[in-house]
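Keep the viewer open and follow along as each topic comes up.

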Amino acid sequence: MRPRPPAPSPAEGVRRRDRRGRGLRGPLMPASLPAARTRAEHFDDLVVATVVRIERTWSRQLAGTEFAVEDVPPSDPAPWEHRRGVPMGRYFPSDGALAARIVVYRRPVEERAHDRDDLAELVRTVVVEQVAHMLGRDPEEIDPGYVGDW
């Protein structure tokens, strides 16, 4: 029987991850696959894609406008809004030091969507409507493919 070599001391850089010397073998799903993204990240991507598409045509008018995603709207409506249910998006005009801002509310939009394609179309509709409201134009001018039956 051969003698075992002495175990390296912790000072030599060997780390034990758990009591059996194993640990996580790797991520459950590689980051390159679509399922590795969360619903919130997917929603953010949809908003960014819509904004990029609109900015191709309206970049000068949208200069300085901030776009944001929040989970839920605040419980108090803005003074200019007439409350008819839960808003899916909101436009905040510029106020001195603050730039104009368009906010899309993720949870209300996701609740109204039936599937991923429906979600993408609904995000597009909400962003187009808010940009149209901000610019004082019809949504059809902002995006010729606008479908406003929500």
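Is Arg106 buried or exposed, and at what relative accessibility? Arg106 counts as buried, because its relative accessibility is 10% and the cut-off for buried is under 20%. Please bear in mind that this is a predicted model.

**Arg106 and its salt-bridge partners**

- The side chain of Arg106 forms a salt bridge with that of Asp71, at 3.0 Å from N to O.
- Arg106 belongs to helix H2, while Asp71 sits in the loop between strand S1 (66-70) and strand S2 (89-92), so this pair ties together parts that are 35 residues apart in sequence.
- Asp71 counts as partly exposed, at 42% relative accessibility, whereas Arg106 is buried.
- A network of salt bridges links Arg39, Asp71, Arg106 and Glu110.
- Glu110, another member of that network, is found in helix H2, which covers residues 106-112.
- With a relative accessible area of 17%, Glu110 is buried.
- Setting aside residues up to four places away in sequence, Glu110 touches Arg39, Phe43 and Leu119.

**Other salt bridges to look up**

- Searching the whole structure gives 7 salt bridges.
- One of them joins the side chains of Arg53 and Asp143, at 3.7 Å from N to O.
- Arg53 is partly exposed, with a relative accessible area of 40%, but Asp143 is buried at 6% relative accessibility.
- Glu121 and Arg124 also meet through their side chains in a salt bridge, again with an N to O value of 3.7 Å.
- These two residues, Glu121 and Arg124, are 3 residues apart in helix H3, which means that about one helical turn separates them.
- Glu121 is partly exposed, with a relative accessible area of 26%, while Arg124 counts as buried at 16% relative accessibility.

**The nonpolar core**

- In soluble globular proteins, nonpolar side chains tend to be buried together.
- The largest nonpolar core here holds 25 residues, and the members that touch the most others are Ile54, Val109 and Val123.
- At least two residues of this core come from each of helix H1 (39-58), strand S3 (101-105) and helix H3 (116-135).
- Helix H3 provides the largest share of the core, with 9 residues.
- Which residues does Val123 contact, leaving aside neighbours within four places in sequence? The contacts of Val123 are Phe43, Leu46, Val47, Thr50 and Val109.

- Gln130 is placed in helix H3.
- Its relative accessible area is 13%, so Gln130 is buried.
- Beyond residues up to four places away in sequence, Gln130 touches Gly89, Arg90, Tyr91 and Ile102.
- Arg101 lies over the face of the Phe92 ring, at 4.7 Å from the ring centre.
- The count of aromatic pairs comes to 0.

Technical notes:
Residues are numbered from 1 along each chain as its sequence is written. This is a predicted model: local features need pLDDT of at least 70, side-chain atom pairs count only at pLDDT 80 or more; totals for chains, interfaces and linings use all residues. Side-chain values use heavy atoms; hydrogens and water are left out. A nonpolar core is a set of buried Ala, Val, Leu, Ile, Met, Phe, Trp, Tyr and Cys residues joined through side-chain atoms within 4.5 Å. Buried means under 20% relative accessible area, exposed over 50%, partly exposed in between (1.4 Å probe, protein chains only). Helices (H or I, at least four residues) and strands (E, at least two) are DSSP runs, numbered from the N terminus. Contact means heavy atoms within 4.5 Å. A salt bridge is a side-chain nitrogen of Lys or Arg within 4 Å of a carboxyl oxygen of Asp or Glu. Rings of Phe, Tyr and Trp (its six-membered ring) pair if their centres lie within 6.5 Å; planes under 30 degrees apart count as stacked, over 60 as edge-to-face and the rest as tilted. A charge sits over a ring if NZ of Lys or CZ of Arg is within 6 Å of the ring centre and within 35 degrees of the ring normal.
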